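User: I'm new to reading protein models. Could you walk me through this one, feature by feature?

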Amino acid sequence: MFRFEGIRGILFVVIGMDIDKKLIGKRIKHRRELAGLSQEQLAERLNLSTNHISSMECGKSLLTTKRLLMLCGVLGGTPDYYLIGEITPEADAITTLIKRLTPDDQKTLCRLLNAYLEGRD
C-alpha cells in the first residue's frame with residue numbers, strides 16, 4: 001500500500017502512495033450510479049464538462065483537490081475513499097502509530113520495513 005523509497009517523513013508516506021486512477025474512476029462511477037446521477041448531472045454539479053467526468057471514470061484524469069471535496073459533498077464518501085479505497089482498521093492503526101514517530105524514527109522504520117520485505121523475497 002505504501003512506497004518507502006527515499007523516505008522523507010510521514011508526509012511522504014501519505015503523499016507518496018501509489019494512486020490507481022482507474023480504481024478512483026471506478027469508485028466515482030459507482031457512487032454516481034448509486035446516487036442516480038448521469039455523467040451530465042454530475043458534471044453540472046461540479047462545474048465540469050461531461051467529457052471530463054467520462055475521462056475521470058475511465059481513469060484518464062483526476063480531480064483537483066477543490067473538485068474532489070465538491071465530489072464528496074455531492075456523492076458522499078471521503079477523499080480517502082476515492083483516492084485509496086476503504087481503510088481497514090489495521091491500516092488506520094498503523095498510520096496513527098507512524099504519525100507519532102519523529103521524522104528520523106520514520107526513516108528508521110522504513111529501513112526496517114524495507115529490510116523485512118527484501119528478506120521475504
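User: Let's begin with contacts: what share of those between residues at least 6 apart in sequence join residues at least 24 apart?

Analyst: A contact means heavy atoms within 4.5 Å. Counting contacts in the chain between residues at least 6 apart in sequence, 55% join residues at least 24 apart. Before we go on, some ground rules: this is a predicted model, where local features need pLDDT of at least 70, side-chain atom pairs count only at pLDDT 80 or more, and totals for chains, interfaces and linings use all residues. Residues are numbered from 1 along each chain as its sequence is written, and side-chain values use heavy atoms, with hydrogens and water left out.

User: How many helices and strands does the chain have?

Analyst: Helices (H or I, at least four residues) and strands (E, at least two) are DSSP runs, numbered from the N terminus. Here you get eight helices and zero strands, so the order from the N terminus reads α-α-α-α-α-α-α-α.

User: Which residues have the most contacts inside the largest nonpolar core?

Analyst: A nonpolar core is a set of buried Ala, Val, Leu, Ile, Met, Phe, Trp, Tyr and Cys residues joined through side-chain atoms within 4.5 Å. The largest one has 15 residues, and those with the most contacts inside it are Ile28, Leu42, Ile53, Leu63, Leu71, Leu75 and Tyr82. H2, H3, H4, H5 and H6 are the elements that give two or more residues to this core. H5 gives the most, with four residues.

User: Now a single helix, H3. Which of its residues are buried?

Analyst: H3 spans residues 39-46, and its buried residues are Gln39, Leu42, Ala43 and Leu46. They sit on the same side of H3, because they cover an arc of only 100° around the axis; the arc is that of the directions from the helix axis to the C-beta atoms. These buried residues pack against helix H2 (21-34), helix H4 (50-57) and helix H5 (65-75). Take Leu42: leaving aside neighbours within four places in sequence, Leu42 is in contact with Ile28, Arg32, Ile53, Leu71, Val74 and Leu75.

User: What is the phi of Asn47, and where does Asn47 sit?

Analyst: Most residues other than glycine have a negative phi. Asn47 has a positive phi near 60°. With 60% relative accessibility, Asn47 counts as exposed.

User: Which residue forms a salt bridge with Arg32?

Analyst: Side chains of opposite charge can pair when their charged atoms come close. A salt bridge is a side-chain nitrogen of Lys or Arg within 4 Å of a carboxyl oxygen of Asp or Glu, and by this rule the count is one. The partner of Arg32 is Glu57, with the closest N and O atoms 2.5 Å apart. The pair links distant parts of the chain: Glu57 is in helix H4 and Arg32 in helix H2, 25 residues apart.

User: Is Arg32 buried or exposed?

Analyst: Arg32 counts as buried because its relative accessibility is 8%. Not counting residues up to four places away in sequence, Arg32 touches Leu37, Ser38, Gln39, Leu42, Glu57 and Leu75. Also in helix H2 is Glu33, which is partly exposed at 48% relative accessible area.

User: And which residues form a nonpolar patch on the surface?

Analyst: Patches are made of residues with over 30% relative accessible area and no salt bridge: like charges are joined within 9 Å, nonpolar side chains (Val, Leu, Ile, Met, Phe, Trp, Tyr) within 5 Å. Ile19, Leu62 and Leu83 form one, with about 230 Å² of accessible area together. Leu83 belongs to helix H6 (residues 79-84) and is partly exposed, with a relative accessible area of 33%.

Note on methods. Buried < 20%, exposed > 50% of the residue type's maximum accessible area, 1.4 Å probe, protein only. Areas by Shrake-Rupley, 256 points an atom, 1.4 Å probe, with all protein chains shown as cover.
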